[in-house]
Amino acid sequence: MHEMSIIQQVVNSLNSELSAEEKYQVSNIILHLGELSNVQPILLENAFKAYQEASADYVHTRLTVLQIPVVIHCDQCGEDSRVKQYVFKCNNCGKPSTNLISGEELLIHKIEFFDPFKLQ
Ligand SMILES: [Zn+2]
C-alpha cells in the first residue's frame, strides 16, 4: 500500500504541472529511487499498473524506475564512496561517514512525451 500512495503522489504532481492535453502525451515517467528508500522498483511498477487500470489515466504511459546508489562524502579526505551492504565507510581512508550525497531520494527525474509528429 505504501507504493500505491507513492504513485498517487507522483500522479498528483504530474496533474498539477500538466495541462489536460499534455497528460495524454506523456510516454514515460522516469523516477529516481534511492537504494535507502526501502521501496522495490517492481512494486512501484505494479502499483502504477494498478493505478492505470483503476483510473484510466496515463494508460499509454510507461513508468521507468532508476535505482540510485548510496554515496557518502568523507569529511576527512574529501572522497565520495559508494556504500555497499550498509557499510558507511570511506573507501579511500576507511573513516566512517554518514554524510549522504545520494541514496534516499524518491523523485520524478524526467517526463517524456510522445512525439506528436510521429503519432500522425
Ligand atoms: Zn576518507
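1. Helices are DSSP runs of H or I with at least four residues, strands are runs of E with at least two, and both are numbered from the N terminus. The model discussed here is predicted: local features need pLDDT of at least 70 and side-chain atom pairs count only at pLDDT 80 or more, while totals for chains, interfaces and linings use all residues. Residues are numbered from 1 along each chain as its sequence is written, and side-chain values use heavy atoms, with hydrogens and water left out.

2. The 15 residues of α3 should span 21 Å at 1.5 Å a residue, and the end C-alpha atoms are 21 Å apart, which agrees; the expected span is 1.5 Å times one less than the number of residues. In this helix, Pro41, Leu44, Ala47, Phe48, Tyr51 and Gln52 are buried, where buried means under 20% relative accessible area, exposed means over 50%, and partly exposed lies in between (1.4 Å probe, protein chains only). The buried residues of α3 pack against α1, β1 and β2, a contact being heavy atoms within 4.5 Å.

3. What does a search of the whole structure find in the way of aromatic pairs? The search finds one, in which phenylalanine 48 and tyrosine 51 are stacked, at 6.5 Å centre to centre and 15° between the planes. By the criterion used, rings of Phe, Tyr and Trp (its six-membered ring) pair if their centres lie within 6.5 Å; planes under 30 degrees apart are stacked, over 60 edge-to-face, and the rest tilted. Phenylalanine 48 and tyrosine 51 are three residues apart in helix α3 (residues 41–55), so about one helical turn separates them. An α-helix has 3.6 residues a turn, so residues three or four places apart point the same way. Phenylalanine 48 is buried at 3% relative accessibility, and tyrosine 51 is buried at 8%.

4. The largest nonpolar core has 18 residues, and Ile7, Ile29, Leu44, Phe48, Tyr58 and Leu63 have the most contacts inside it. Such a core is a set of buried Ala, Val, Leu, Ile, Met, Phe, Trp, Tyr and Cys residues joined through side-chain atoms within 4.5 Å. At least two residues of this core come from each of α1 (2–17), β1, α3 and β2 (62–68). The largest share, five residues, is supplied by α1.

5. Isoleucine 7 touches Leu44, Ala47, Phe48, Tyr51 and Leu63, leaving aside residues up to four places away in sequence. Alanine 47 lies in helix α3 and is buried, with a relative accessible area of 9%. Although alanine 47 and isoleucine 7 are 40 residues apart in sequence, their C-alpha atoms are 6.8 Å apart in space. Counted in the same way, alanine 47 touches Glu3, Met4 and Ile7.

6. Threonine 61 lies in the loop between α3 and β2 and is buried, with a relative accessible area of 7%. A polar atom of the threonine 61 side chain lies 2.8 Å from the backbone oxygen of valine 26. Beyond four places in sequence, threonine 61 is in contact with Val26, Ser27, Asn28, Ile29, Phe48 and Gln52.

7. Most residues other than glycine have a negative phi. Asparagine 38, in the loop between β1 and α3, has a positive phi near 60° and is exposed at 65% relative accessible area. Glutamine 85, in the loop between β4 (80–82) and β5 (100–102), has a positive phi near 55° and is exposed at 72%.

How values were computed. Polar contact = N/O pair within 3.5 Å; in protein donor to acceptor, adjacent residues only side chain to side chain.
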